[in-house]
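This report goes through a few local features of one protein model. The sequence and structure come first, and the description follows.

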Amino acid sequence: MKVSRKKTLNKYVESSLSHQLNFHERQAGQEFLFRNSHAFVCLEGGAGTLDEVLTYMWYKENQPEIVKGKPMIISESAYTGDPLFHEVVNGVDHIIEMRL
């Protein structure tokens, strides 16, 4: 499997700002997203999508009041057939089955 790596920031990111973003700011942003949403739809994506799916699962397990009553729908497209995302979906299914 070949993973593409971007060598430059996209044109909307100022290089001075990119160094100021850290883990705690990203975590606070995700918590804001999860607290202020009614549901989540996860489409095929990359590492960021995987991070958000796993963060949702972490909140579901450790701070359920944040995501209580807020379902996550994971959609796997038959058209693109991304093998990495397919494995993520299988992994999530496996975790859910283990909890039942």
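## Contacts, rings and a cavity

Q30 is a residue of helix α2. The model described here is predicted.

Is Q30 buried or exposed? Its relative accessible area is 9%, and under 20% counts as buried, so Q30 is buried. Apart from neighbours within four places in sequence, Q30 has contacts with D51, E52 and T55. Two of these residues are also reached through polar contacts between side chains. The side chains of Q30 and D51 are joined by a polar contact of 2.7 Å. Between the side chains of Q30 and T55 there is a polar contact of 3.3 Å. Along the chain, Q30 and T55 are 25 residues apart, while their C-alpha atoms are separated by 8.0 Å.

Q27 is also placed in helix α2. With a relative accessibility of 32%, Q27 counts as partly exposed. Q27 and E52 are 25 residues apart in sequence, and the distance between them in space, C-alpha to C-alpha, is 10.0 Å. E52 is also one of the residues in contact with Q30.

### Aromatic residues

How many aromatic pairs does a search of the whole structure find? The search finds 5 aromatic pairs. In one of them, the ring centres of F34 and Y56 are 6.0 Å apart and the planes stand at 55°, so this pair is tilted. The pair links distant parts of the chain, since F34 belongs to helix α2 (residues 23–35) and Y56 to helix α3 (residues 47–62), 22 residues apart. F34 is buried, at a relative accessible area of 1%. Y56 is buried too, at a relative accessible area of 8%.

Another aromatic pair is made by W58 and Y59. The distance is 5.3 Å centre to centre and the angle between the planes is 75°, which makes the pair edge-to-face. W58 has a relative accessibility of 42% and counts as partly exposed, whereas Y59 has 3% and counts as buried. One aromatic cluster is formed by F34, F40, Y56, W58 and Y59.

The table lists the two pairs described above.

| Pair | Distance between ring centres | Angle between planes | Arrangement |
|---|---|---|---|
| F34 and Y56 | 6.0 Å | 55° | tilted |
| W58 and Y59 | 5.3 Å | 75° | edge-to-face |

### The cavity

Rolling a probe the size of a water molecule over the atoms shows where empty space is left. How many cavities of 30 Å³ or more does the structure hold? The structure holds 1 cavity of 30 Å³ or more. The volume of the largest cavity is about 40 Å³.

Which residues line the largest cavity? Its lining is made of G45, G46, A47, L50, L84, F85 and V88. Helices α3 and α5 (83–99) each supply at least two residues of this lining. The most comes from α5, which gives 3 residues to the lining of the largest cavity. By type, the lining residues divide into 5 nonpolar and 2 polar, with no charged ones.

Note on methods: Residues numbered from 1 in each chain as written. Predicted model: local features only at pLDDT ≥ 70, side-chain atom pairs only at ≥ 80, totals over all residues. Heavy atoms only, no water. Phe/Tyr/Trp six-rings, centres within 6.5 Å; stacked < 30°, edge-to-face > 60°. Helix = DSSP H or I, 4+ residues; strand = E, 2+ residues; numbered from the N terminus. Buried < 20%, exposed > 50% of the residue type's maximum accessible area, 1.4 Å probe, protein only. 1 Å grid on protein atoms, 1.4 Å probe; cavity = no way out; pocket = protein on both sides within 12 Å on 5 of 7 lines; lining within 4 Å. Points joined across faces, edges and corners; volume = space filled by probe spheres on them. Nonpolar A, V, L, I, M, F, W, Y, C, P; charged D, E, K, R; others polar. Contact = heavy atoms within 4.5 Å. Polar contact = N/O pair within 3.5 Å; in protein donor to acceptor, adjacent residues only side chain to side chain.
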